[in-house]
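Please read them alongside the sequence and the coordinates.

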Amino acid sequence: MQELIALVGIVAALSVGVVSPGPSFVMVARMSVAGSRSQGVAAALGMGLGGMAFATMALLGLQAVLMAVPTLYFALKLGGGLYLCYLGFLIFRGAREPLTLQSGGADEHRQFGRSLWRGLATQLSNPKTAIVYGSVFAAFLPHSYSAGFGIALVAAVFAVEASWYAFVALLLSSQGPRKVYLGCKTWVDRTAGAVLFGLGIRLIATAPDA
């Protein structure tokens, strides 16, 4: 019963954070309307894998390590900030380029893999997410737990992360949002790129405080 209560508490707390807008949401939303439904779902799966990685690290005491080794946290914030700036720059630079819809085949498989990786990398680029996971786990995790509980918890985190972003991908890749995007692609991409770049700059600026 104690493990079940801990599992529900952790999943509920993380769910609130997952639905909050951030770089992950911006990336999945933009990929869904600018690419394809499969690319958006692939990115969502990448977000789920990133959540699993954070959950596993949190179970292993990631927060304590980051607090004990400030240099590591500094490096994670700096690297994450640079990655977000890079993504933002790419999106902003390509804002005026015409949208090329994928027709399937081998190229679609490559796009799926690339989107999966980009979703995973975007998720892992935010070290503050690692701190959130560590804090939530520290608050709810029992002093001792079974291996089955750990496996169930990591699987539940994947389900929460992947299902939310898959919902976003399915919603925004439908005809209505796609038509709106095509009508104002330049400004949407510039806004998305600027947001990601700004979030990256903010991470870099706060890195010395780590």
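1. The model is predicted. On its surface, Met1, Leu4, Ile5 and Val8 form a nonpolar patch, and together these residues have about 460 Å² of accessible area.

2. In soluble globular proteins, nonpolar side chains tend to be buried together. The largest nonpolar core here holds 19 residues, of which Met27, Val28, Ile91, Tyr165 and Leu196 touch the most other members. Two or more residues of this core come from each of helix H2 (23-34), helix H3 (37-59), helix H5 (70-93), helix H8 (147-172) and helix H10 (185-206). The greatest contribution is that of H8, with five residues.

3. Leaving aside residues up to four places away in sequence, Leu196 touches Pro23, Val26, Met27, Leu84, Cys85, Leu87, Gly88 and Ile91.

4. How do the cysteines stand? Cys85 has a relative accessible area of 9% and is therefore buried, since the limit is under 20%. Cys184, at 31% relative accessibility, is partly exposed. With a disulfide taken as a pair of cysteine sulfur atoms within 2.5 Å, the count is zero disulfides.

Notes
Residues are numbered from 1 along each chain as its sequence is written. This is a predicted model: local features need pLDDT of at least 70, side-chain atom pairs count only at pLDDT 80 or more; totals for chains, interfaces and linings use all residues. Side-chain values use heavy atoms; hydrogens and water are left out. Buried means under 20% relative accessible area, exposed over 50%, partly exposed in between (1.4 Å probe, protein chains only). A nonpolar core is a set of buried Ala, Val, Leu, Ile, Met, Phe, Trp, Tyr and Cys residues joined through side-chain atoms within 4.5 Å. Helices (H or I, at least four residues) and strands (E, at least two) are DSSP runs, numbered from the N terminus. Contact means heavy atoms within 4.5 Å. Patches are made of residues with over 30% relative accessible area and no salt bridge: like charges are joined within 9 Å, nonpolar side chains (Val, Leu, Ile, Met, Phe, Trp, Tyr) within 5 Å. Accessible areas come from the Shrake-Rupley method with a 1.4 Å probe; for residues, only the protein chains shown count as cover. A salt bridge is a side-chain nitrogen of Lys or Arg within 4 Å of a carboxyl oxygen of Asp or Glu.
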